[in-house]
Amino acid sequence: MTEFKQWLDKKQPAEQTHYLEILPSQLAATSDSEKLYSLLTDYNFIKAKLSASGVQALIEDYDLATSPDIITSDKKAHQLKLIQEAIRLSAHILATDKSQLATQLIARLMCFESPEIQALLAQPKHQTTPWLRPLTPSFTPPGGRLLRTLTGHTDWVQGVAITPDGKQAISASSDHTLKIWHLETGEELSTLKGHLTYVNAVAVTPDGTKVISGSWDNTIKIWDLETGQEIFTFAGDTFAVEAVAVTPDGKRVIYGSWDGSIKVWDLTSREVIFNFKGHSSFVQSVAVTPDSKRLISGSGDNSIKVWNLETGKELFTLTGHEDWVKSVAVSPDGEQIISGSYDGTVQVWSLSERKPLFTLGKHGSFVQAVAVSPDGKRVISASGDKTLKVWNLETKEELFTFTNHIAPVNAVAVTPDGQRIVSGSSDKTLKVWHLEAGKENLSFASHDDWVNAVAVTADGTKAVSGSGDNSIKVWNLKNGQEIFTISGHQDWVKAIAITPDSKRVVSGSGDKTVKVWDLETGKEIFTFTGHTDWVNSVAVTADGTMAISGSGDKTIKVWSLETGDELFTFSGHEDGIKAVAVTPDSKRIISASGDQTLKVWSLGKEKNILANFWNLAVKNLLFTLKGHESFVNAVAVTADGKWAISGGREHTLKVWDLSSRKEVFTLAGHADAVTSVATMGTKAISVSDDNTLKVWDLLSREVIASFRGDSALKACAIAPDGVTIVVAEASGQVHFLRLEEGK
């Protein structure tokens, strides 16, 4: 226990809150740099301040100390900056669950070797309650370009705009809403509701008082930014709105529609001034030159058109893209057009010469959005390849790439000071990045797509993961280092199992095959074919002789691991198989399905004659467990073979007695679909699309520890030691955690 904690514990709760609020500023005011530095590197202070005042107040305490007048040591100032940035990067998680503080700090800071940082990270190890300690640095560390993540939307973020003062961002989403965010604190200020379906586009008037949104409900809405109230609606169109813009003089609103037309409205009179027609396909984007005289449009007909906003005439057409023109922007001097296309390229055009100038480069997928920095020197592009790229408009060089989104990046905007960019993605988040300062984000070994499956060898030395990048990775369980990658599947790797002798890996894939690999060499041993849909789950019998696979084709297949032959097929589910498990005695299979049921099957090893007759009559089906109200995604069996535990789309886990064939109890606590379950002794762990892992005590039926990822958690496994847990995340990350019982 630190000296600070001993001092604080002697105070009454009201006094504690008061001192936590004023102590950092008092120390800064008296220039007591040593005590201030000691305070801000004390985990007990950080935890107490977070609990009492919230994450933003904690972040602001570090601003007091990073002034050269207070902390004169560059080394100490740098360490405080790292801690502050780690807290800021974790803010979206800590705002939801303050108990994740220790986990977040350790996972983000453990890669820094300074004694002071390591001393800070050692302090949480003395917690009195169970918690999950990261064993590897598996979250984005401080010191890079990512500043913070904004969460709150429940569907894709389709558009982003920033107010002229640079203080607020407005996001448009497929969840039918717009949200207003405070860029400095990350606080969600308000939600604008009124659209009936996807909101695809957003803009802000130059005076910063109004927000304009366009939706697939065929309307444009004008909102008061300060109050969040809807002012009025431009309606009457019969086609979805894809793009909106406001002229720099603030007088007109322009929108592009699914029918290929572009309408110009007078913002004061609310009358249509022009209706531009000329594109032969939907209009995806619109932009206006700084002098408000010309309009640029990009279309699904692969062309860019330039229009005169004074006469209403089309001036000329630019062609050259080989696919939809998804986004257009104009340089601050009004001389150049920048376009992003579904052909993956970012192109630059001369507005005065009416011709293409050059191609900046190409993304690995379609380009969704482009923006230009206020000084006109850089272009930022957002892509379906999940990245943002920054280009030098003068030298035509790619400067750097931002990688942290886990789904297509649909929108990007630059702050008026050119210091930050804000991106919006199909991963439902916005991210704020340093455009000027900061190094490239440090990256740790991980997959390039969702991690769908993990398993641990019986000897406790290795973990194996399978991913949407079609690969399998083998990891050293002790240090979390990648040993090697196995390639061979032609589609997502959906399932992983390991033989009891720890020598072979069995994988199931979207390519409809099951493959068996040598775990030492990575060489393929068998490929099992026969399924007609994705293989979603695999398991191995305890004696290591058989592999079981469950598929979207509604069947379960049993394969010989000795000969490579298909032994038999179980049919009976009315929807795809999501998961399979084998009882410890290798006699029964339990399958979980999209038909809301679990089924228990005999593997033909029953000694009872009547059971054998029954198996023959109904193709090995023993019984069906009913109780889930939606897809059953996961199933596991306790080590004693008495209970099965299942997880489903309705957010709960159910515990079943396999002897009585009845539901024993339900575990509730997740906020989204349960994706995977594992058991060890009297504990179970579950992971969910709500980004959390929960450790359950099956006797008390309570959650005893939890972990929160940056994105949906897709799979989990427990090592033979009963405390090491491996977690698969949609971000591509594999987390290695240790369950600490508390002291």
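Predicted model: local features only at pLDDT ≥ 70, side-chain atom pairs only at ≥ 80, totals over all residues.

Visitor: How many bridges join β38 to β39?

Guide: The general idea is that strands of a sheet pair through backbone hydrogen bonds, either parallel or antiparallel. Here β38 (residues 535-540) and β39 (residues 546-551) run antiparallel and are joined by 5 bridges, where pairing requires that DSSP finds at least two bridges between the strands. The names follow DSSP runs numbered from the N terminus, a helix being H or I over at least four residues and a strand being E over at least two. The two strands form a hairpin with 5 residues between them, and in its turn Gly-544 has a positive phi of about 75°.

Visitor: How many of the residues of β38 are buried?

Guide: In β38, 6 of the 6 residues are buried, so this strand is largely enclosed by the rest of the structure. Buried means under 20% relative accessible area, exposed means over 50%, and partly exposed lies in between (1.4 Å probe, protein chains only). Strand β48 (residues 652-657) is mostly covered, with 5 of its 6 residues buried.

Visitor: Which strands pair with β48?

Guide: β48 pairs in the antiparallel sense with β47 (residues 643-648), over 5 bridges, and also with β49 (residues 662-668), again antiparallel, over 6 bridges. The hairpin of β47 and β48 has 3 residues between the strands, and that of β48 and β49 has 4, with Arg-661 taking a positive phi near 65°.

Visitor: What is the phi of His-651?

Guide: Most residues other than glycine have a negative phi, and most peptide bonds are trans. His-651, in the loop between β47 and β48, has a positive phi near 80° although it is not a glycine. Lys-512 is another such case, with a positive phi of about 75°, and it sits in the loop between β35 (504-509) and β36 (514-518). His-651 is partly exposed at a relative accessible area of 30%, and Lys-512 is likewise partly exposed at 39%.

Visitor: In what order do the strands of the open sheet stand?

Guide: The 4 strands follow the order β42-β43-β44-β45, with antiparallel pairing. β42 (577-582) and β45 (621-626) are at the edges and each has a single partner strand, so one side of each is left without a neighbour in the sheet. On average, neighbouring strands of this sheet are turned by 20° against each other, direction ignored. Within the sheet, 5 bridges pair β42 with β43 (residues 588-593), and Val-582 has Ile-589 of β43 as its bridge partner.

Visitor: At what angle do α5 and α6 pack?

Guide: Two packed helices are described by the angle between their axes and the distance between the axes. Helix α5 (residues 55-65) and helix α6 (residues 74-89) pack at about 160°, with axes 10 Å apart; the axes are lines fitted to C-alpha atoms, for helices over the stretch in contact, and angles run from 0 to 180 degrees between N-to-C directions. That makes α5 roughly antiparallel to α6, since angles over 145 degrees count as roughly antiparallel, under 35 as roughly parallel, 65 to 115 as roughly perpendicular and the rest as oblique.

Visitor: Which residues of α5 and α6 meet?

Guide: Val-55, Leu-58, Ile-59, Tyr-62, Asp-63 and Ala-65 of α5 meet Leu-80, Ile-83, Gln-84, Ile-87 and Arg-88 of α6, contact meaning heavy atoms within 4.5 Å. The residues of this contact divide into 8 nonpolar, 1 polar and 2 charged; Ala, Val, Leu, Ile, Met, Phe, Trp, Tyr, Cys and Pro count as nonpolar, Asp, Glu, Lys and Arg as charged, and the others, Gly among them, as polar.

Visitor: At roughly what angle do the axes of α8 and α9 cross?

Guide: The axes of α8 (residues 101-109) and α9 (residues 115-122) cross at roughly 150° and come within 10 Å, which makes α8 roughly antiparallel to α9. Leu-105, Ile-106 and Leu-109 of α8 make the contact with Ile-117, Gln-118, Leu-120 and Leu-121 of α9, and these residues divide into 6 nonpolar, 1 polar and no charged.

Notes
Residues numbered from 1 in each chain as written. Heavy atoms only, no water.
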